[in-house]
Structure formats: C-alpha cells, structure tokens
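Take a walk through this structure with the model open beside the text.

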Amino acid sequence: MDTEFDILIIGSGAGGGTVASALSPLCADGARIAVLEWGPHFKDEEFTGGELEMAQKLFFESGAITNRDQTLTVACARGYGGSTLAYTGTSIEVPQRSVDHWNVPGLTIADLVPRMRHYKAQNNVHELSDEDINENNQLFAAGCRALGYSVKKFPVNIKGCKGSGMCNMGCPNGAKQGTNRVQLPAAEAAGVQVITNCRVHRILPHEVEAEVAPSPYGHPSAWPAGRYRLHAKVIVVAAGTMHSSALMAHSRLPVSLPALGRYFTCHPALTLIAQHDHPFLNYYGFPKTYYCDDFEEQDDYILETCMYFPFTTAKSLAGFGAEHSALMADFRRLQMILVLVSDQAEEGNRITPDADGNPVLHYTLSERTLDALVDSQRIAAKIFFAGGAARVHAPAADRFLIDKADSDQVDQLIDRRHLKLGKISIASAHPMGGCRIGTDPKNSVTNDRGKVHGLDWLYVADGSLFPGSSGVNPYVTIMALADRVAEGIRDRWRAGELR
Amino acid sequence: MDARQRRPVLKAWQRRILVRLATCIVPETATASAQSIDAMVDAVDGQLQPRPRLQQIAFKLLLLGLGWMTLLPAGWQASLLHLLEAFPIRLVRVGIWGLKTLIYLGYYGQESVQQRINYLPSKLEGNVLLHARRLPGRA
C-alpha cells in the first residue's frame, strides 16, 4: 500500500471527520489524503445498547479516564466517528461572549457562525417536535417555567430517531448524524482513505509512526496488521483533546511549545437524581431535549436534561446501602438533571503523556468551579421540586435524600461543606484545550488557523484548540474550528505550496 | 480477549471479601443468586484486567484493608464505610468511591438486574411506546 500522502489526518471525530470532508474535493485534484483512526469501524449490529459492553467497546478506559488525584473522570470515545459516536448530538452554537472571552485576533463569532450553520444543515440539526418529548424532559421544562427560568430546546442532529435513548452508547439505529454517518462516508466517496484500528505512536517531521492492530470489533482495517512509517506534506492532529496533546508531547516535536497540554478545561458535571411518587415515561424517547442557560454568564453553569443507564445512575449517587437501593428500585420514577460548569482555562491544568504516550490528566477543580457545582445543585433541586418530585438526591446535601417537605430549605441543606472530592462522581464529556489557539507561543500552541507555531507542516483540528471553555456543548464549535483549519490547508494546496 | 481465557486479577479470597463488602453497598446482593454474584465479581475482574498493574495492586490492598470489617455486624460495617466514604483524607474517599463504583458496575450492569428495577429500554420502539404512553415493566 501507499505510504506517501499529501495530507494525513489523525482521528476521525468532530474535528478529523470535518477536516477529511472539507479537504476531500482536493482528491479530484490529485491530493492523496488519509485518515488514521485508532478505533474500529463498528458494524451497525455491534451497537447493542448494552451498558457495560458498549462502554468497553466505545470508550478509552470504559469512559472513565481519571485525573491524577482521581476526583474527576473524562469520557473519550474511539472508532470511526470518534466521540461523535457517543455524544447526544446536541448542537448548540458557541455564544459570542465565549468567543469574545477567548480574545484571539482573527477568531470571531462572525466567522464561526456560518461554518457552524453549514454543518448543522449538513447534519440535519433541528428541534424535536413536542410529541417526541418524554416526561423526564417535560418535567424539567415545567419546573424551570414554574420558577421563572428560561428553558430552551436543544437543536439535535438526528434523522429517523426511534427513541431508544441510547445515544451515549452509540445509536443502535444509526439515527445520530455524527461524522461516522455524514462527513466520513462523503470523504471516502470523494477519495479519502480511512484506515481504522490504526494508532499513531509518534509524529516526526512530515512523518508518522503508526501501527495497525486487529480488533475484535468492527469491519477489518483497510490495511494489514503491522507497523508503518507514513510520510505526508501536512499532518493534521485531531485525535481528541486528551490524546492530541499527549501524542504531540510524546513525539518530542522539533520546536519548543511551552503551552502544549496546558489550559485544559472540561465542563465538570454532576448528575442529580430525583424520585417521583409514581412511574412516568422517562427513558423512552430522545434523552436530552431541554437546557437552561440563565446562569451561564453570571454563575458559570448550565443545566440540562439527561437520562442515563442503571450503572451510570447508581455511581452518580453519593452514598450506598439501603437508601441507595430504595432509590434505584424503580427506574421509572427517576428524573435526572445534569449540571455543567464552565471552568476557567488555567495553565496548571494540563495533559502530559505517560511512557506509552497515553494521556495523564493533571486537573484541579478550582474553588470557583466547586462553588458553581454547589450552587447549580441548589437550582436543580428547586427545579425538581417545582416539577413535582417527591425527593431529591444532591451529592452536596447533608443527607442522601431531601424530602419535598424540606424543599424550602434547599439552600441550607446543599452546602459546600458536604461536597467532598473523591466521594462524589464528577464527570466530564467535554474535554477542551491543550493545543489552544493564540498568537503568543508562550501561552498558545497554534495560530488562529490551527497551524502549530513554528511548524508549517503540522496542524491541530479538534477540541484541544479551544482557548478556553466554550460554555456550551462543544461539538458544533469543534466542527467550525476544524473547518477553518481545513480552509487554511486548502488555500495552501491551491496556491501550490503543498504540491 | 475472551473472558474465559483471561487469568483472573482477583484471587478467591479477594473475591470473597468483595462479595461480603457488596452486601453492605448493595444489600440485595445478600439474597442474589449465585449466578448473579458470579456475574458481578466477573464484571469487576473484567474492569480491573486492562488497568495498570499498580491500580490492580491498589484495589487488592483496599480489599485487604477492608477485609477485617466484614467480620463485624452488618450495622457496624455500614457505619464504618459511611465514615470512610467521607473521611478527611481524600485518598481514602477515592478508594471507597472506586470500590462502590466497581460493585455498582458489577451489579447494576447485569441485564437481569436492570429488568428487575424496571429498566427495559427498546432499541427500535422507544418512540412508539412513548407515543402510546405505555409504561415499561411491572405494574
């Protein structure tokens, strides 16, 4: 097989898949483009919906990469489509205030909006009709409205959704329009090669060391198992926030990049669970329909509906024993809210590689983040009660369940004193930063087009580009940033620089 | 690798401690079938298998450290575990969180348990059942 390429893209998720499709027209002009994806190309029938089975198949470390002090877990998927296999498909545009806060010359909301809308149209993003909204979501909306909070519908990228509720385990019906369904097939049809089961171990100037290994899942890789040295004029790293930083740091690139891996953010999140007196329709239908961002600008958090699976739910509860079992005894009575904090980009929060090039996360939850996690639990508890819940579990409460009779004391019962790191399950599905865009190589890794400072052959195109938290679910923003990266490469190709 | 071909991480005595601790974390495991208990412990072992050796050793040390507790009356065990869950030293809290999480994974990850708690999702007919307003599971 060919080992000489014009463009190599490492990773096939929201970033890599977008770059592949945006650059695919160059194949007609003779460009040789390949995508190297660590995970397999799953067969449709392999999306079984089994909670543990899918966690092991889809995610690094079953969805729980922990930070060094083990107070946070981060979920990162792999496979043809990357983390777009496992997201819910919620498609919110990054708000202007986030882009203004990033304060990167050349990166404006006016530039990002048309790109985000292009991919939203491509991925069939729309709002669900009211008849497809289940009661878990309706109760959240009712609670918010009763309290005078605004509630918005998520735009979602689904087509032919059958309401399995299994989005985070990979849609069993192929309804979610991730890069595995839209951008990658289009890129392949235009001539881009996608090599699955292919891990890149190291990046060298115009070269990568990669290895194809057999997988028990998915379609066979296009290439036989073995080690490869591949050459390219341009290399685009889109291995996902955690792995892009780790891979680049492990590669010992021929430039000094002091900000590499740093300024990591991740929207630390908690799942809150309420119990109602009667069962209701909570897990049939699309799981995530509404959100409330009234508190994003002032208080750094948003609240979203969610509906997870039994093990994930059980571990989200702080506590154990009879009271835990009683809450878990009838899943149909449970309502869930996810609270996500917009954490600040801090230099010390960083990703480093271990000896094998795997990411090691050094992340400390700041006082500001912890305060927001506590405050958001109070608001979530009030929304639950306003929606009719009988009891609420908040991990920072002084008791396992707050009874409705005590609902007027929520502000006192949920307190920072009870938020003990290591006791509660703080999780993240939105890792961002590490290869942040900027102008100064001291505090950024790439320019505003994703080109790594000092290396004209190396680009980054995934969530690691974020200069700070997006404040909202990030995938559409990742696609817009990746589109900018692709545009810069395309311009160079057309100018003859890469031929 | 096939689960049957794997060499277990946990030895028999460690599995026994895990099962005894599980009755404190999830009380209904005390009356669960042998098949369900084996499935729980196998799932925990399966999670430990790909983890770095240091993490495996840390978990075994935790079991060793908590093993004596299982000789106490159930009420005392629960009180002690609650104390450790909120212990002032973070590392202790993290250890108890890890133990709980693995036991929940082993127990609530089982399809039979999920059915018992009325978690019966439908891959193909979720929206049909939603529109028909048909509640899943037992009355």
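This is a predicted model: local features need pLDDT of at least 70, side-chain atom pairs count only at pLDDT 80 or more; totals for chains, interfaces and linings use all residues.

Residues are numbered from 1 along each chain as its sequence is written, chains are lettered from A and ligands numbered from 1 in the order in which they are written, and side-chain values use heavy atoms, leaving out hydrogens and water.

Helices here are DSSP runs (H or I, at least four residues), strands are runs of E of at least two, and both are numbered from the N terminus. The C-alpha atoms of chain B fill a box of roughly 50 × 40 × 30 Å along the principal axes. Of the 139 residues in chain B, 46% are buried. Buried means under 20% relative accessible area, exposed means over 50%, and partly exposed lies in between (1.4 Å probe, protein chains only). Take the contacts in chain B between residues at least 6 apart in sequence: 64% of them join residues at least 24 apart. A contact means heavy atoms within 4.5 Å.

Next, look at how the helices cross. Helix 1 (residues 12–25) of chain B meets helix 4 of chain B at roughly 85°, and their axes come within 9 Å. That makes helix 1 of chain B roughly perpendicular to helix 4 of chain B. Axes are lines fitted to C-alpha atoms, for helices over the stretch in contact, and angles run from 0 to 180 degrees between N-to-C directions. Angles of 65 to 115 degrees count as roughly perpendicular, under 35 as roughly parallel, over 145 as roughly antiparallel and the rest as oblique. At this crossing, R20(B), C24(B) and I25(B) of helix 1 meet Q77(B), A78(B) and L81(B) of helix 4. These residues divide into four nonpolar, one polar and one charged. Ala, Val, Leu, Ile, Met, Phe, Trp, Tyr, Cys and Pro count as nonpolar, Asp, Glu, Lys and Arg as charged, and the others, Gly among them, as polar.

Helix 1 of chain B also packs against helix 5 of chain B, at an angle of about 90° with the axes 10 Å apart. Helix 1 of chain B is therefore roughly perpendicular to helix 5 of chain B. From helix 1 come L18(B), L21(B), A22(B) and I25(B); from helix 5 come L99(B), K100(B), I103(B) and Y104(B). By class, this contact has seven nonpolar, no polar and one charged residues.

Where does T70(B) lie? It sits in the loop between helix 3 (53–67) and helix 4 (74–85) of chain B. T70(B) is buried, at 9% relative accessible area. Leaving out residues up to four places away in sequence, T70(B) touches I17(B), R20(B), L21(B) and Q77(B). The side chains of T70(B) and R20(B) make a polar contact of 2.9 Å. Such a contact is a pair of N or O atoms within 3.5 Å; within protein, one must be able to donate a hydrogen and the other to accept it, and residues adjacent in sequence count only if both atoms are side-chain atoms. The side chain of T70(B) also reaches the backbone oxygen of G67(B), at 2.6 Å.

Finally, turn to chain A. In helix 2 (residues 51–58) of chain A, six of the eight residues are buried, so this helix is largely enclosed by the rest of the structure. Its cover includes helix 9 (310–316) of chain A, together with helix 2 (34–48), helix 5 (90–108) and helix 6 (111–116) of chain B. S325(A) belongs to helix 10 (residues 322–328) of chain A and is buried, at 10% relative accessible area. Beyond residues up to four places away in sequence, S325(A) touches V26(B), P27(B), E28(B) and Y108(B).
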